[in-house]
Amino acid sequence: MVEVDRFWTRWPSREGLEHDADSRPRRLLAGLGRLALLTTVCWGTFSDGRYSGWAVVAEVAGLVAAVVLVVGFLRACRQQRPVPAYALAAGLSATAWLANAGHAYLLADVLWYGLAVTALIRLPPGPALVTAGASLGSYAAVSWAGTLSVATTCGGLLLLGYLLRLDVEARGTARRLLVQERTARAAEAESAALAERARIAREIHDVLAHSLSAQLVHLEAARLMLDAGTDRAQVRERVVAARRMAQDGLAETRQALSALRGEFTPVGDYLVELTGRERSEFRVAGMPRPLTAEVGLAVRRTAQEALTNVRKHAPGARCTVELRYLPEEVELEVRDEAAGRAGAPGGLAASGGGYGLLGMRERAELLGGSLLAGPHEGGWRVLLRVPT
């Protein structure tokens, strides 16, 4: 019942009544149409010479009043102000009756026609039907035409008003959908920009975390060597290695930014180079294929972090890196075979923040994959699975 009451009192869509500000041809055609209608009414009223003297002044005043009332009625409807709109509609109907009494039949008919159609377009359904019924009833009451002609005219005007109202509602719906689509696109673009920023921040964070962790390993080893009185050449070797890791970190930062743009070397070539530096064994299973930037970065970062952990926690352990290309995913497995791993790390195990595994797991989950890390056959295994 509430919905029915709202239907009869609901104003038409504001958006459907708005005109495109940049539609100059439409504004020009609308202006020419109004001018042609006003010219036709003036010609039909004064061309036969039936008015003279003060009658001409009265008719001109009535015509001006009708124009003012029409403009006010349209504005009140556009602003959806019920009291002024209904009062001006009553004023227009009264003006039409006065025009008909003054033998300005064309002006009266135009006012009744226009009021009926405009009410159906711009007023709520209930008041619109009342106004249109009163206007067309007034026309039918004073018309000299036959019953069939009057009924056809009234029916055609009612149908015209109804179709124009449907057009207004359709335009309003289209405009609202367009606004919603633009809002959704803007939100999507903002979300994409935030996601891109987060991705860049994550990549830079991972690069710095890996680089600084590796440097810390070498510097901690150099400190332990100094405390143990190790030969100066060996200590210098560790410091040089830390310096090299800092340089590699800068290079990795540039590579990460390039990878985000899709400009990085194939993962297989990178792993060959990485395992060569770390003196680890590298194997490939399956048919190699190009990987997306995100998947490629996940494999690279996981391999880096896993080998850094081996160097920290099991120095000297035999390490194997295997990259498997499966039909719907890619797997990276990093294994070391250090017996008695728990006692292997010594002083270097305390270096680093301990966030490597967590970061690798989060990266894998963001891509819909998984990461397993734990003891395996007397050593340690890191297994990354990422869908491709």
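This is a predicted model: local features need pLDDT of at least 70, side-chain atom pairs count only at pLDDT 80 or more; totals for chains, interfaces and linings use all residues.
Figure 1. Beyond its neighbours within four places in sequence, T95 is in contact with G62, A66, L69 and L111. The helix that holds T95 is α5, which covers residues 82–101. The relative accessible area of T95 is 14%, and because this value is under the 20% cut-off, T95 counts as buried.

**Figure 2. Packing of helix α5 against helix α7.** Two packed helices are described by the angle between their axes and by the distance between those axes. For α5 and α7, the latter spanning residues 125–142, the angle is about 5° and the axes lie 11 Å apart. Helix α5 is therefore roughly parallel to α7, since angles under 35 degrees are counted in this way.

**Figure 3. Residues at the contact of α5 with α7.** From α5, the residues Y86, A89, W97 and N100 take part. They meet P127, T131, S138 and V142 of α7. By residue class, this contact comprises 5 nonpolar and 3 polar residues, with no charged ones.

**Figure 4. The protein as the setting of these views.** The protein has 388 residues, of which 37% count as buried; T95, shown in Figure 1, is buried. Its secondary structure includes 12 helices and 5 strands. Of the contacts between residues at least 6 apart in sequence, 69% join residues at least 24 apart. The accessible surface of the protein amounts to about 22,100 Å², and carbon and sulfur atoms account for 62% of this surface.

Note on methods
Residues are numbered from 1 along each chain as its sequence is written. Side-chain values use heavy atoms; hydrogens and water are left out. Helices (H or I, at least four residues) and strands (E, at least two) are DSSP runs, numbered from the N terminus. Buried means under 20% relative accessible area, exposed over 50%, partly exposed in between (1.4 Å probe, protein chains only). Contact means heavy atoms within 4.5 Å. Accessible areas come from the Shrake-Rupley method with a 1.4 Å probe; for residues, only the protein chains shown count as cover. Axes are lines fitted to C-alpha atoms, for helices over the stretch in contact, and angles run from 0 to 180 degrees between N-to-C directions. Angles under 35 degrees count as roughly parallel, over 145 as roughly antiparallel, 65 to 115 as roughly perpendicular and the rest as oblique. Ala, Val, Leu, Ile, Met, Phe, Trp, Tyr, Cys and Pro count as nonpolar, Asp, Glu, Lys and Arg as charged, and the others, Gly among them, as polar.
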